[in-house]
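Visitor: I'm new to this structure and a bit lost. Please show it to me, then pick one part and take me through it slowly.

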Amino acid sequence: MRQAALAILILAMAAVAQAKDVITISQFTPFAEDSGATDNVKEECEMEERLPKYLKSEAKKVADIVFTTEPLDSVEGKVLFMEITHVFAPGGGGYSGSKNVEVEGELRENGEVIASFTVDRSALFGMTPGTCSMLKRVSKKIGEDLAEWLEAPEMDSMLGDAAPD
């Protein structure tokens, strides 16, 4: 009897320890008006859709990411606001040089900002044939950076290439 009670207690503690936060994000990450993203990048590279998908995929061990198309200000609980604030991505793939993306965001809980970040990532020359392919690689790395940050989010975090050495 005592062993059964101990086993139940251990299982209950393990379940609590494995509980993940539910974090709501927009299904699309918008570009800031002054991001510098060209119309071609906005129309062809699907960054607005890819970034949330990569984050959800990378963060599945840390948090349950839930997509919404509703305004994030109306969502209760933990909400991650993200915006693509800078894009340097001239056409021509690797032939036109490196590509760079910066994303800023805030993690809010019931409307209160509890953590914030700036993540900056670049893709350098390489075997990637096109600009969108390079931006896809950058978006995946940003998703990885944000998933790691969600393990212990802090205010004013600098992530990716923006992280201090």
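Guide: The protein has four helices and six strands; helices here are DSSP runs of H or I with at least four residues, strands are runs of E with at least two, and both are numbered from the N terminus. Read from that end, the elements go α-β-α-α-β-β-β-β-α-β.

Before zooming in, here is how to read the picture. This is a predicted model, in which local features need pLDDT of at least 70, and side-chain atom pairs count only at pLDDT 80 or more, while totals for chains, interfaces and linings use all residues. Residues are numbered from 1 along each chain as its sequence is written, and side-chain values use heavy atoms, with hydrogens and water left out.

As for pLDDT, that's the predictor's confidence in each residue, on a scale from 0 to 100. Its mean over the protein is 88, with 84% of the residues at 70 or more. Where pLDDT is low, the predicted coordinates should not be read in detail.

So much for the reading rules; let's take helix α3 as our part. This helix covers residues 47-58, 12 residues in all. From its first C-alpha to its last it reaches 16 Å, close to the 16 Å expected at 1.5 Å a residue (the expected span is 1.5 Å times one less than the number of residues). Met47, Leu51, Pro52, Tyr54 and Leu55 are its buried residues. "Buried" means under 20% relative accessible area, "exposed" means over 50%, and "partly exposed" is in between, using a 1.4 Å probe and protein chains only. Look down the axis of α3 and those buried residues fall within an arc of 160°, so they line one face of the helix; the arc is that of the directions from the helix axis to the C-beta atoms.

What do the buried residues of α3 pack against? They pack against β1 (21-26), α2 (39-44), β2 (63-68), β3 (78-88), β4 (99-109) and α4 (131-150). In the loop between α2 and α3 you'll find Glu46, which is partly exposed at 40% relative accessible area. Glu46 isn't a glycine, yet it has a positive phi of about 55°. Most residues other than glycine have a negative phi.

Strand β3 holds Val79, which is buried with a relative accessible area of 2%. Setting aside neighbours within four places in sequence, Val79 is in contact with Ile23, Thr24, Leu72, Glu106, Leu107 and Arg108. The C-alpha atoms of Val79 and Ile65, 14 residues apart along the chain, are separated by 9.4 Å.

Helix α4 has 20 residues that should span 28 Å at 1.5 Å a residue, and its end C-alpha atoms are 29 Å apart, which agrees. Its buried residues include Val138, Ile142 and Asp145. Those three also turn up among the contacts of Arg121, along with Lys99, Asn100, Val101, Lys141, Gly160 and Asp161, leaving aside neighbours within four places in sequence. Arg121 is found in strand β5 (residues 112-123) and is buried, at 18% relative accessible area. Its side chain makes a polar contact of 2.7 Å with that of Asp145, and another of 3.5 Å with the side chain of Asp161. A polar contact is a pair of N or O atoms within 3.5 Å; within protein, one must be able to donate a hydrogen and the other to accept it, and residues adjacent in sequence count only if both atoms are side-chain atoms.

Finally, step back to the whole. Of its 165 residues, 38% count as buried. Among contacts with a separation of 6 or more, residues 24 or more positions apart account for 66%.

Key:
Contact means heavy atoms within 4.5 Å.
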